[in-house]
Amino acid sequence: MIMTLTTTRISPDWPCQVKTPGSYDWERSAAKWLRELVPARYASYPVLLRHPVLLARHATIQVQQEIRVARTALQTARADLPRLGLPESVIEHTIKLYAAEVMQLQHIARSVRAVTEALAEHAAAAAR
């Protein structure tokens, strides 16, 4: 069996858990990775399991919301945390944690975007 590889160029943001587009079973590895990014109840819906591009769309929305939450936590930490009676060292550590989380989530968002584009390209090619 000859397998045609897609022309999708792998970006630096491509997740290492996902096989290269066009390689054997790459869509399954993409779906598995995407399922880890959404709440478990969504990951079990049959329509999302059958259509990885829909799962990718939901993962995009999920990660965008997580970025908003982490940014809000970061932006309000200096004002809100002292009222909780936390020591300054804990507040500073928490601010660093939120900042790191925002950066990590932004990286995940770029990875989801790369996988989504590859899945959409694959679906379009299959429809032709």
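Colleague: Okay, what does the protein average in pLDDT?

Modeller: This is a predicted model, and the protein averages a pLDDT of 91, with 93% of the residues scoring at least 70.

Colleague: And where is confidence lowest and highest among the helices, and where does pLDDT stay under 50?

Modeller: Helix 2 (residues 40-43) has the lowest confidence, at a mean of 88, while helix 4 has the highest, at 97. Over residues 1-8 pLDDT stays under 50, and for these residues the model has 14 contacts beyond four places in sequence.

Colleague: Now the rings: how many aromatic pairs are there?

Modeller: The structure holds two aromatic pairs. One of them joins Trp14 and Trp26, which are tilted, at 6.4 Å centre to centre with 45° between the planes. Trp14 lies in the segment before helix 1 (26-35) and Trp26 in helix 1, so this pair ties together parts that are twelve residues apart in sequence.

Colleague: Are those two buried or exposed?

Modeller: Both Trp14 and Trp26 are buried.

Colleague: And why is the pair of Tyr42 and Tyr45 called edge-to-face?

Modeller: Because their planes stand at 85°, and over 60 degrees counts as edge-to-face; the ring centres are 5.7 Å apart. Tyr42 is partly exposed at 26% relative accessibility, and Tyr45 is partly exposed as well, at 40%.

Colleague: Which residues make the nonpolar surface patch?

Modeller: Tyr45, Val47, Val53 and Leu54 make that patch, which covers about 300 Å². Leu54 sits in helix 4 (residues 52-80) and is partly exposed, with a relative accessible area of 35%.

How values were computed. Residues numbered from 1 in each chain as written. Predicted model: local features only at pLDDT ≥ 70, side-chain atom pairs only at ≥ 80, totals over all residues. Heavy atoms only, no water. Patch = residues over 30% accessible without salt bridge, like charges linked within 9 Å, V, L, I, M, F, W, Y side chains within 5 Å. Areas by Shrake-Rupley, 256 points an atom, 1.4 Å probe, with all protein chains shown as cover. Salt bridge = Lys/Arg side-chain N within 4 Å of Asp/Glu carboxyl O. Helix = DSSP H or I, 4+ residues; strand = E, 2+ residues; numbered from the N terminus. Buried < 20%, exposed > 50% of the residue type's maximum accessible area, 1.4 Å probe, protein only. pLDDT = per-residue confidence, 0-100. Contact = heavy atoms within 4.5 Å. Phe/Tyr/Trp six-rings, centres within 6.5 Å; stacked < 30°, edge-to-face > 60°.
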